[in-house]
Amino acid sequence: MPTPITIGHIEAHEKLTARLFYQPHGETGFIDAGNVGDYKYAPEKSYVGRMRSEGGAKYLSDEQADTISDRWEFTLDEHDVLNQKLVFLATKGSDAVQAEVAAPTGTATITSVTPGRSYFVGKVGLNTVVAKVAAVTLVEGTDYLIDTAAGILTVIDGGGVNQDDDVDLTFGCAAVTHQVFTGQDNPLFRGSLVILEINQFSKVPLREIAFTGVIYLTAWPEQSGEFGKYTARAVPTTKPTIKRRSAA
């Protein structure tokens, strides 16, 4: 018979962490939500008023729980493509591919510029940039600044570019693939969820909690220290099935 974990057993003093896996409806395989910085079981309680009699008088008491709903909360900090769908309530579309172009065959025209303003070229990872107004070649650092990585041209106020001039560019660019999302499209992720609770006494999870439910964010990325943290909440819509390991 398995040895139970009882009061006084070393594993009864649990120092827990957890892992969160979710499988959206219609998909196969579970998604690992990644590193869990903080984790807690945070059930939601609702109360109902009940009457009690005492000393010949009736009193209203609302201290009795009427329902208790399971909830688990996770502080996450990994921003892979799948977790980005959670962060931005998004669905993922087809990737956008920028092909490599050799200089000077990449071209763009920025029309009616205003000195002091910045303009997106429409390509990233630029190289060998040449900027002209009409047939006059502009001087980088005097007439304009160029962020080649982001593909941003800034017209310097007081340089050789005037209000409403058109700036013609030639350049090369690197091959870059962008992952495309549509935000504010999927506020709840419904499917199967598995929570693995792990303590310091065994590599085998202490508890496995499985249910059908929803996962959604309650706090969006917060840049604190090295990582951007965000909080996900897992809420069951079916009764959770809980398996607890016996003593190691």
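Guide: A salt bridge here is a side-chain nitrogen of Lys or Arg within 4 Å of a carboxyl oxygen of Asp or Glu. This is a predicted model, in which local features need pLDDT of at least 70, side-chain atom pairs count only at pLDDT 80 or more, and totals for chains, interfaces and linings use all residues. Residues are numbered from 1 along each chain as its sequence is written, and side-chain values use heavy atoms, with hydrogens and water left out.
Visitor: How many salt bridges does a search of the whole structure find?
Guide: The search finds six. One of them joins Arg-207 to Glu-197, with the closest N and O atoms 2.3 Å apart.
Visitor: Which strands hold Arg-207 and Glu-197?
Guide: Arg-207 lies in strand S21 and Glu-197 in strand S20, so the pair ties together parts ten residues apart in sequence. Strands are DSSP runs (E, at least two residues), numbered from the N terminus.
Visitor: Is Glu-197 buried or exposed?
Guide: Glu-197 is buried, at a relative accessible area of 5%. Buried means under 20% relative accessible area, exposed over 50%, and partly exposed in between (1.4 Å probe, protein chains only).
Visitor: Changing topic, where is Asn-199 found?
Guide: Asn-199 sits in the loop between strand S20 (189-198) and strand S21 (207-224). Asn-199 is buried as well, with a relative accessible area of 6%.
Visitor: With which side chain does that of Asn-199 make a polar contact?
Guide: The partner is the side chain of Arg-245, at 3.3 Å. A polar contact is a pair of N or O atoms within 3.5 Å; within protein, one must be able to donate a hydrogen and the other to accept it, and residues adjacent in sequence count only if both atoms are side-chain atoms.

Definitions and conventions:
Helix = DSSP H or I, 4+ residues; strand = E, 2+ residues; numbered from the N terminus.
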